[in-house]
Structures are given as structure tokens and as C-alpha cells.
Amino acid sequence: MGRGAGWPTLGYPSPPIESTSNITPRGLTTMPSEGDLECETLIIGSGAGGGVVASTLAEKGMDVMVVERGAYIPRSERNNREFEMVSRMYADRGMLTTNDQAISLFAGQNLGGGTSVNWSVSLRPTEPLLNEWAREHDLPHLLTPEFSQCIDDVCEQLNVVPEVPHNRQNQMLLTGSECIGGPSGPLPQNVRGCEKHGYSQCGYCLFGCRNGFKRDVTEACFNEKRDTGDVRIHDNVEIKRLVHRNGNVLYAEAVARSSNGELRSLKIRAKRYVVSAGGIFTPACC
Ligand SMILES: Cc1cc2nc3c(=O)[nH]c(=O)nc-3n(C[C@H](O)[C@H](O)[C@H](O)COP(=O)(O)OP(=O)(O)OC[C@H]3O[C@@H](n4cnc5c(N)ncnc54)[C@H](O)[C@@H]3O)c2cc1C
């Protein structure tokens, strides 16, 4: 891969290419070649919601299975190349749109979901927002101290820090905003260590962090160093639909893709189903 002639003039450093160390997410399991599966709790989708719920339940001793439509992309394969990473880490290879193709939809599809590709800005829900959700969606527990404690716990688990050093372009925005007296300030982010590294403020978060600095789901919830109990994680498995009878879910219909691209259909039965497939795909699964 070459370097653009104008890059040095622009001050563009080019994507880093040095190798990096890998982790193996705890519980990442190869799908058996035949038969249906069973578990106590089936978590559909491994993003911000699914990852936290799965690791929390597994730590409490529950038998948890996570199925993820996308693939696990190890750090060493996250090469910061826009075309390749968008194809591998985003839904529909980054080409997802509304039916009329008027609006592009950018959603993570890999082990970690949106957390692997997002910008790591980590805001607590504000009081007016919690009041609105509690009132309009009949969720009074959002206003309890216990819920506030849950947010604290997640912030700790994800290592949310109040401020990180900015790269030049963001620092210029901040300085410019301060100069004109606009409202501005640092945003909390869930990262650990990027300010100390040679690729400090590299700006490639949206193609997956290759150094493990961003505390995405694979790093914060399924890191091999964390004892997350009995969790089985299957990537490349899509839930097509939940089959219901008399208001109860009987089983989930799934399609698994093997490493050689073969598809096989199977049923997954569970006592409990957590549908955490993101804002776009959750309704389609239910
Ligand atoms: C480029 C980008 C930048 C962002 N930056 C920020 C930011 O800085 N701060 C912030 O707070 N938010 C940010 N977000 C949004 C944030 O990442 C999402 O709000 C969050 O990840 C949503 O969590 P979730 O668990 O609902 O879904 P997701 O994290 O999207 O996870 C859903 C998972 O379910 C999987 N899935 C879908 N359908 C199925 C199926 N049928 N079977 C099995 N698996 C399925 C998907 O592949 C995906 O991995 C950003 C998002 C993007 C795309």
C-alpha cells in the first residue's frame, strides 16, 4: 500500500502498520457443525447492550450464550484501511440504507457491534432525558439510585475518563469555539492509554482500535483477563426470528456461517432471550 504524495504536506501521518498484540475474547466458541443449541439466557447481538448484559449475567454464574451476526475482528486485522474495515466491521459492508436509499445507515456489525467502531464519547443520560423516558415509556426504575449506580458501574467497567488529549483538528475546533465564546468543552471517553502511545490521538476509532485502548465490548466485557464465568460467544450467527406461541418464545431460528462460508440453519432454545441487536435490527428479530 503506497503513501499519498501530498500526505506529508497536509500533515497526514497515514494509517499505522506496525503489528499489535491480540487478545482472544473469553468464551469465543466454534459453532458445532450440526444440531440445535440450548442455554439459560440467549443474548442476540454483542454490542453496547448485549455485551454488558452478557458479562454481568455470566459473572453472576448464569449460563449465557451470545450470538453475533458479524465476525470477531482481532486487533491485528484492524489495519485502519477505510475500505477494508468498513466492509468488515459495518452492517451490509457499510452500504446499508433506508428502503428508498435516501439515507445511509452506519451501524457496527462485528463482535462488539457499535462499540468497536464508535468514537468512544460516553455521556451519562441527563436528568431531563431520564424523566422523559420514565414518564413516556413507563420506566420508573430509571429514576432510582440503583439505576444511577448501574451507570456508575458501567462507566467504571468501560473506563470512562473525563478528558483525553485531542488531535490537532479537534483541538482547533475547541480553540476556535472558545475564541468566539461558543459553548465547548471536553467530552468523557471510554479509553485507556491512547494518550501515552506513539499513535496518540490517531483518530481511527471508527475502523476499530488496533491497540485495545478503546474499551469496547471485546476489551471491557470479554477480555481474556476478566473472569466472566460461563459465557459462550458465537460470531457469524444471525437470528432470523423468534418463534412465538401463546405469547412465549419457543426458540430462535438462526443461520450460522462457517469459516468456509457454508450456511447452516439451527434452532436455539433458551429460558430467557435478550434481544440487543441495535436500534435498526432489534425490531426485525422480535
Ligand atoms: C461510526 C459510529 C460512531 C459512534 N460514536 C458514538 C460515540 O462516540 N458515543 C456514543 O455514545 N455512541 C456512538 N455511536 C452509537 C453507539 O455505538 C450505539 O448507540 C451503540 O453501540 C448501540 O448499542 P446496541 O447494543 O443497541 O447496538 P449495537 O452496538 O449496534 O450492537 C448490535 C449488535 O447486534 C448484531 N446483530 C444485529 N442483528 C442481529 C441478528 N439478527 N442476529 C445476531 N446479531 C445481530 C449487530 O451485528 C451488532 O453487533 C456511534 C455509532 C457509530 C456507527
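Predicted model: local features only at pLDDT ≥ 70, side-chain atom pairs only at ≥ 80, totals over all residues.
Residues are numbered from 1 along each chain as its sequence is written.

Now the strands around that pair. β6 (237-245) and β7 (residues 248-257) run antiparallel, joined by eight bridges. Two strands pair if DSSP finds at least two bridges between them. Helices (H or I, at least four residues) and strands (E, at least two) are DSSP runs, numbered from the N terminus.

Next, the whole sheet. It is open, with six strands in the order β5-β2-β1-β8-β7-β6 and mixed pairing. β5 (231-234) and β6 are the edge strands, each pairing on one side only. From one strand to the next, the twist averages 40 degrees. Axes are lines fitted to C-alpha atoms, for helices over the stretch in contact, and angles run from 0 to 180 degrees between N-to-C directions.

Helices next. α2 packs on the sheet, touching β1, β2, β5 and β8, and its direction makes about 160 degrees with that of β2. α9 packs there too, touching β1, β6 and β8, at about 40 degrees to the direction of β6. Contact means C-beta atoms, placed from the backbone, within 7 Å.

Last, the ligand. Which element gives the largest share of the shell around the ligand? α9, with four residues. Of the 32 residues around the ligand, G45, G47, G113, G114 and G278 come nearest. Near means a C-beta atom, placed from the backbone, within 6 Å.

Technical notes. Contact = placed C-beta atoms within 7 Å.
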